[in-house]
Amino acid sequence: MEHALRRSMLLIRGQPESSDHLQDILFDTAIKYTHTGFRVLFFTQKPLERVANSIREQFSDLFKMITFVYVQTLDAALKRLLDLQRWTNCIPGLIIVESFDLLAPSNANDMQPNKQDFQRVLFLSTLADTVRTVSINQKGTCNCIITTSNHGSTMATVPFELFYRKHNVLDVEHVKESADILSIMMENEHSIDNNLP
């Protein structure tokens with residue numbers, strides 16, 4: 001199961017030219033993923049406002065398969081993940097966490113760096129556990145995408161390698177469209193289904 005878990009989690013890191021552009025790519029990934037028949041849970045701090053009404057109307061059935069969770073803090077995101085583990089219907093096949101590094105730790109003003117790291121690692125552990133739990137509940141693979149733009153400085157001590165295989169860590173400049181993300185997810189699902197190394 002650990003083999004499958006680390007393969008199903010994808011990290012996109014680096015400073016995008018535009019956070020809106022990366023959000024658009026993630027949203028397009030979510031829309032295209034719903035074609036598989038699975039739902040998507042999309043954690044973000046701000047609503048998507050750039051979707052034209054004509055697109056919303058054309059893809060209204062697919063929009064209904066995406067649940068947006070607006071969170072500002074790690075604590076709020078943690079609570080939502082723990083709630084998700086108890087869901088029995090509307091279970092997602094993909095969880096997207098946008099701008100993980102921008103989620104504020106609780107009491108950010110008086111937090112020491114090692115306590116912030118602990119909260120971030122706790123979140124990543126809970127996310128991995130949630131992906132595993134959802135995978136078991138749906139008897140298939142739940143995928144996860146997480147983005148971080150601040151990988152080099154304040155995130156340097158967060159042990160991402162515990163959760164993500166090297167192959168599943170993408171630099172944002174290599175992500176030009178949703179197909180770049182979806183192709184890696186398909187490759188990983190193939191290796192999970194066939195128990196490939």
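Guide: A contact means heavy atoms within 4.5 Å. On that basis, residues 24 or more positions apart account for 83% of the contacts in the chain with a separation of 6 or more. The model is predicted, so local features need pLDDT of at least 70 and side-chain atom pairs count only at pLDDT 80 or more, while totals for chains, interfaces and linings use all residues. Residues are numbered from 1 along each chain as its sequence is written, and side-chain values use heavy atoms, with hydrogens and water left out.

Visitor: How many helices and strands does the chain have?

Guide: The chain has seven helices and six strands. These are DSSP runs numbered from the N terminus, helices being H or I of at least four residues and strands E of at least two. Along the sequence the pattern is α-β-α-β-α-α-β-α-β-α-β-β-α.

Visitor: Why are β3 and β6 placed at the edges of the sheet?

Guide: The open sheet of six strands has the order β3-β2-β4-β5-β1-β6, with parallel pairing. Strands β3 (66-70) and β6 (169-171) each have a single partner strand, so one side of each is left without a neighbour in the sheet. Two strands pair if DSSP finds at least two bridges between them. Strands β4 (residues 92-97) and β5 (residues 143-148) are joined by four bridges, so they pass that cut-off of at least two.

Visitor: Why is L26 called buried?

Guide: Buried means under 20% relative accessible area, exposed over 50% and partly exposed in between, with a 1.4 Å probe and protein chains only. L26 has a relative accessible area of 0%, so L26 is buried. L26 sits in helix α2 (residues 19-34) and touches residues including I12, F42, I96 and T147, not counting those up to four places away in sequence. The C-alpha atoms of L26 and T147 are separated by 9.5 Å, although the two are 121 residues apart along the chain.

Visitor: What makes K139 exposed?

Guide: K139 has 75% relative accessibility and therefore counts as exposed. K139 is in the loop between α6 and β5, and its phi is positive, near 55°. Most residues other than glycine have a negative phi.

Visitor: How do you know that the buried residues of α5 line one face of the helix?

Guide: The buried residues of α5 are L74, A77, L78, L81 and L84. Seen down the axis of α5, they fall within an arc of 120°, so they line one face. The arc is that of the directions from the helix axis to the C-beta atoms. An α-helix has 3.6 residues a turn, so residues three or four places apart point the same way.

Visitor: Why is the pair of F42 and F68 called tilted?

Guide: Rings of Phe, Tyr and Trp (its six-membered ring) pair if their centres lie within 6.5 Å; planes under 30 degrees apart count as stacked, over 60 as edge-to-face and the rest as tilted. The rings of F42 and F68 have centres 5.3 Å apart and planes at 40°, so the pair is tilted. F42 is in strand β2 and F68 in strand β3, 26 residues apart. F42 is buried at 0%, whereas F68 is partly exposed at 25% relative accessibility.

Visitor: What makes the pair of F100 and F123 stacked?

Guide: F100 and F123 are 5.4 Å centre to centre with 25° between the planes, and the pair is stacked. F100 lies in the loop between β4 and α6 and F123 in helix α6, so the pair ties together parts that are 23 residues apart in sequence. Both F100 and F123 are buried.
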